[in-house]
Amino acid sequence: MKRERIVALDVVRGFALCGILLANVKPIAHVGDIMAPVEPATPDDAWMGLLVEQRFFPIFSLLFGVGFSLLLESAAARVARPRLVLARRLIVLLAAGLAHFFLIWPGDILSTYAVVGLLVLLPSTWLPRAAVAVLAPVLVTASLILQGERFLLVAGLFLLGSALTRYGVTAGIERSLRAPAVLGLAFAALAAPVLWWQTRLGGGDAGASRALALGGLLVAGVYVCGLLVLLRTPLRPALAAVFAPLGRMALTNYLTATVLVLLVARAGGGSADAWSSARVALTSAAVLAVQWLWSTLWLRRRAYGPLEWLWRRVTWAGAR
C-alpha cells in the first residue's frame, strides 16, 4: 500500500531548498573565477551570516534521515532484503554527487550525504531506535566541539531524523500545534545569545566556526517549528503551493540550480566576489521562480520529478 505524502515534509524541504540556494549562489557563481581579485566583505552581508549561512543544510540533513527511514519502512513491506534497496539508493546518489562535484561545482553536498548514509545511516538500521536517539546528539555535540565538523554534524542530523521517524514523531507532524510552538520559542530563546556571540566574533577568531554552527542549528530549529505552526493556520494552502512543488522535486532543483546560477553569472560578467547581497537575493529569486514554474507544471501530470523518477527506478530495479 502506497504511503500518503506528508505535505509538511515537502513544504519544509522546499523552504530549505530556497535557503540553500541563497547560501550557494555566490560560491557557485565564483566557479571559474578563482583568479579574480577578492573584494572585501560589505556591511550588507551581515544578515546572510545571521539568517542564511549554515541555517538550511541542517534542515535538509534532518529530512534526509527522515526520508531514509520512511523508505526503509516501505521497502520492508515490499521486499525481502530492504537494506539492499537503500544501499542501491545511496550508491546512485553518490554517483550523481560525484558527477556534480567533478563536472560542475566542487561545493556539492550529495556525495557527502551518500557517504555518510552508507557509513552511518545504513548501519544504524540494525541498532535499536533508543541507541540511534542517543547517538544522534552525541555526534552533533562532537561536531560542535570540533568547530562544526561537517561529517559528524551531518551524521548526527541523519540519525536524529531517523529516530524521529522510528519513534512515530514524523507520522504525527501535521497533527500537533503546541509542540512546534513551544520548541520554536525555546530555539529562539537559545538562538538570541548565540547570534549575539556570533556578531562579536570575527571570521578568524577562535570559536567563530562553533558559533556559526551552533547558531545554524538553533535558527534552523526556529525555521522548521515556525513553518509547522504556520501550516496549522489559514496560510497552509499558500505555503503548500509555494514550497511543496520545490520540495517534491528537490533533487532535480538542487542540481539544475547550479547550472542556472552559472548561466546567470556568465551572462552578467565580473567577479562574483563583488556581488552584493541584493544581487544574490535577486539571482536566487529568479532561479527559484523558474524552478517553481517547471516543478508545478511537471507535477500536474507526473508523480515525481525527472531525476526523482530516475533515482526511484534505479533504486527499486531488481528488488524482490
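1. Helices (H or I, at least four residues) are DSSP runs, numbered from the N terminus. Phe-102 lies in helix 4, which covers residues 82–103. The model is predicted: local features need pLDDT of at least 70 and side-chain atom pairs count only at pLDDT 80 or more, while totals for chains, interfaces and linings use all residues. Residues are numbered from 1 along each chain as its sequence is written, and side-chain values use heavy atoms, with hydrogens and water left out.

2. The structure holds three salt bridges (a side-chain nitrogen of Lys or Arg within 4 Å of a carboxyl oxygen of Asp or Glu). Asp-10 forms one with Arg-5, with the closest N and O atoms 2.7 Å apart, and another with Arg-13, at 3.1 Å between the closest N and O atoms. Asp-10 and Arg-13 both lie in helix 1 (residues 7–29), three residues apart, about one turn of the helix.

3. Asp-10 is buried, at a relative accessible area of 4%, whereas Arg-5 is partly exposed at 39% (buried means under 20% relative accessible area, exposed over 50%, partly exposed in between; 1.4 Å probe, protein chains only). Arg-13 is buried, as is Asp-10.

4. Glu-174 and Arg-236 meet through their side chains in a salt bridge (2.7 Å, N to O). Glu-174 lies in the loop between helix 7 (150–166) and helix 8 (178–200) and Arg-236 in helix 10 (residues 236–248), so the pair ties together parts that are 62 residues apart in sequence.

5. Phe-102 is exposed, with a relative accessible area of 63%.

Terms used:
Helices (H or I, at least four residues) and strands (E, at least two) are DSSP runs, numbered from the N terminus.
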